[in-house]
Amino acid sequence: MEEVINSTIDPACLQEPPLAIDIIKQLDLFGFCQYSILTFLSCVTLLLYLEQCVYIYKKVPYPKKTTIIWINGAAPVIATMSCFGMWIPRAVMFTDMTSNCYFAVVVYKILVLMIQEFGGTNDFLERFSGKTFKVSTGPCCCCCPCLPRVPMSRRLLFWLKLGALQYAILKTVLSILSIILWTNGNFDLADLEITGTAIWINPFIGVLTITSLWPVAIIFMNTNSFLRSIKMIPKYAMYQLVLVLSQLQTSIINILALDGTIACAPPFSSQARGSMLSQQMMIMEMFIITLVTRCFYRRTYDPLPSEACDNDKNAQVAMQTALVEHDV
């Protein structure tokens, strides 16, 4: 029975991903146009980013400009790596891990940017020290509204920074380890056996991801009302969108490919075809995100007012309200 089943499966569906030259040879007119357009979009995305870097370098003061350049590079780096992965399917593991390692740094940089918008660590602590922060936020504790509010302190801020930074460090270390094991034949995403290394490394990376997103969410949820003037909410939304598309979408497509839901199409196996579809979608999505993100960061903003200015402004508003009520 097994021989009958195996005889009906195209041998190409059981092979490794094709070489780049094999893809070029089998491209028809539609495929050639598709690959050309996607390559053009990834090149435009990279060029827009480089031009944006020049603008930010000239217009934004240090150290904020370094942080913004890192954050703006998320979509272009992912689009560029996806383009390489589309043309060279056997390099997908390297391109995906490069994109994921870069985005792991971006997660930390988003937290740093929100602190820098208040003038840096010292100014941030001067404004919020002693004030209680809500910690029942996603993705860890959004279902625990009963958690007590925690007063902000230098120690708490250190742990929040460390919680975001650990992902950037450990993700890179585990990616290098995965590549080393892969070259030795010990790491395979399709190997779901309990003895496989992928079944242990990938869930651990998932835990690290959730742990790093929580401190960023805590800072954002407690400070976003002060950052509306610099469009921090849509900036944070773009960062979340890149996260969902680069992590969740890719994971769903890989699961569907492993399950066989995505059909084999020689010379691509199910897993290679799923990876190819993921790379092509990422190029288009990151191109659009780059255009939108460009609108939010390509401008300069006045420094945020100090806490004393906020209090004076609130006092003036309260006085004007009282005078109006007295006149009435």
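Predicted model: local features only at pLDDT ≥ 70, side-chain atom pairs only at ≥ 80, totals over all residues.
View 1. Residues are numbered from 1 along each chain as its sequence is written, and side-chain values use heavy atoms, with hydrogens and water left out. Of the 328 residues, 42% count as buried (under 20% relative accessible area; exposed is over 50%, partly exposed in between).

**View 2. Helices and strands.** The protein has twelve helices and two strands (DSSP runs: H or I of at least four residues for helices, E of at least two for strands, numbered from the N terminus). Starting at the N terminus, the elements go α-α-α-α-α-α-α-β-β-α-α-α-α-α.

**View 3. The largest nonpolar core.** This core holds 64 residues, and Phe124, Met152, Val216, Ile219 and Met286 have the most contacts inside it (a core is a set of buried Ala, Val, Leu, Ile, Met, Phe, Trp, Tyr and Cys residues joined through side-chain atoms within 4.5 Å). Helix H6 (residues 92-116) gives the largest share, 14 residues.

**View 4. Around Met286.** Leaving out residues up to four places away in sequence, Met286 touches Thr45, Ala75, Ile78, Ala79, Val242 and Leu245 (contact means heavy atoms within 4.5 Å). A second, separate core of twelve residues includes Tyr35, Cys83, Ala272 and Met276.

View 5. Cys53 is buried at 14% relative accessible area, while Cys295 is partly exposed at 48%.

Key: Buried < 20%, exposed > 50% of the residue type's maximum accessible area, 1.4 Å probe, protein only.
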